[in-house]
Amino acid sequence: MKFSISAVKKPLQAKTDALVVFVAEGRGASGLADADALDDLLAQLAVDGDFKAKPGSTLLLHRPAAVAARRLLLVGLAAKPDLRDWKKALQAAAAALKPLPVAQAHLLAMHGLDTLAEWVPTAFSEVFYRYDTTRTVDAKDQPALESVQICAVGSEVALGHARAALERADALAVGVRLTRELANLPPNYCTPTYLAQTAQKMAKHHDLRCKVLGRPEMEKLGMGAFLAVAQGSVQPPRFIVLEYQGAGKKDAPHVLVGKGVTFDTGGISLKPGPEMDEMKFDMAGAASVLGAFEAIARIKPKLNVIGLIAATENMPDGGAVKPGDVVTSMSGQTIEILNTDAEGRLILCDALTYATRYKPASVVDIATLTGACVIALGKVNSGLFTTDDALAQSLLDAGRASLDPCWRMPLEEDYAEALKSNFADVANIGGRPAGAVTAACFLWRFAKDYRWAHLDIAGTSWNSGANKGATGRPVPLLVRYLLAQAQ
Ligand code: BES
Ligand code: MN
Ligand code: ZN
């Protein structure tokens, strides 16, 4: 889908398949040079009661006399819309256009041009995305919409500003779509090898550096915790390194670390059967690192970013790691694996140790780490864990501004008591109380050399039930966070 912004003097005369007009509660179409006919129409509709300008409401009119377009789509908006109201209205507009044979739509920006520029690609891409890769039946009846043009009456300067915002938003939407697609792919398609190939293709296309380590290289580095998880699978593990350089070589990079468990059976500590298919989404952290890189590679901000992805399956097998096994991590710390289903922290701890070599400005890991986080925060907020107040604030701000929020959870030594082991330096589980916090405490032991935060996205990265599918979160949060570091 192509997005653009154009200056128009008489938008109601635009010859287009569909003209979309946002109508704020209690206000007409005033502000336009040629709005009289539209105002009359809105007044009539209000009298007849067919359209109330409420957030999310829509009304489609075919060839009304007031406009030159074939269709007029009225979209309700709150009197003083905030970000969420705007996004809701845009989603409603996109949903109304989706089933129609409309190839070209014009969106009238009477107010809030910058907001529209930033949110049109996000909302339209989100509503129009459909997973088709492994389906043959409905794959052919694709929606018709090809181009969305925002019509503005502002100055050239204001338009230029909005165009830059639109371009960034478009890049973000492409990143989010990649993340959703990767996470939605079935686990027999999206293997560690496939994730590595995706990273290599992206690197080639955008001129990034990419390195992929296999078992032998990981053995050499001493990644005993990561390899312990991988040893039960016939799929070879992959450790993926992506490097984006937008600033000087000496500029300390920001590092993103993604959990890439392409299927989590629990291993020998086998998970129960119901909903186990959803454990294909256990690589959503890795997918969000790739999605953020896709967006950053398109936006090209002046900063350096490193992506680290630990990719493996977690399978039960004759050779699989067992409860009670003690392994040595890359950091040298020994770990007693009391539950093989707490595998995310085992692969991430070695990735966090690997991150030290970059002397990073910050490290953020992203992981579908605990069911306990879903219980604590549901699907609204991702869990944020860090002892660094400034880093916490940056991530909270980025989440709020991108409507991809996170909520700060505690990270304190007292919780780490639960990870004591009689047979190793640390155990990989801490019992049921505060399960999301003790998981974060485990990671913390391996992230002492730099500014670090952990995002638990177990509740936010996919939906269950009838709308089962990946959300693309927290790519908007990550990209906004990174762009803020470039300023
Ligand atoms: N990938 C899961 C976490 C998860 C479970 C995310 C359900 C979303 C929904 C993770 O590897 C896991 O199994 N964690 C265990 C940890 C426990 C054994 C300490 C969990 O949350 O049950
Ligand atoms: Mn698990
Ligand atoms: Zn897992």
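Student: What makes the pair formed by Leu369 and ligand 1 a polar contact?
Tutor: A polar backbone atom of Leu369 is 3.5 Å from a nitrogen atom of ligand 1, and a polar contact is a pair of N or O atoms within 3.5 Å, so the pair counts. This is a predicted model, in which local features need pLDDT of at least 70 and side-chain atom pairs count only at pLDDT 80 or more, while totals for chains, interfaces and linings use all residues. Side-chain values use heavy atoms, without hydrogens and water, residues are numbered from 1 along each chain, and ligands are numbered from 1 in the order in which they are written.

Student: Which side-chain atom lies 2.8 Å from an oxygen atom of ligand 1?
Tutor: A polar one of Glu343.

Student: How many residues surround ligand 1, and what makes a residue near?
Tutor: There are 16, with Lys271 and Asp282 among the closest; a residue is near if one of its heavy atoms lies within 4 Å.

Student: How do the residues of that shell divide by class?
Tutor: Five are nonpolar, four polar and seven charged; Asp, Glu, Lys and Arg count as charged, and Gly as polar.

Student: Where does ligand 1 sit?
Tutor: In the second largest pocket, and sitting there requires more than half of the atoms of the molecule to lie within 2 Å of the grid points.

How values were computed: A polar contact is a pair of N or O atoms within 3.5 Å; within protein, one must be able to donate a hydrogen and the other to accept it, and residues adjacent in sequence count only if both atoms are side-chain atoms. On a 1 Å grid over the protein atoms alone, a cavity is a set of points where a 1.4 Å probe fits but cannot get out, and a pocket is an open set with protein on both sides within 12 Å along at least five of seven lines; lining residues have an atom within 4 Å of a point.
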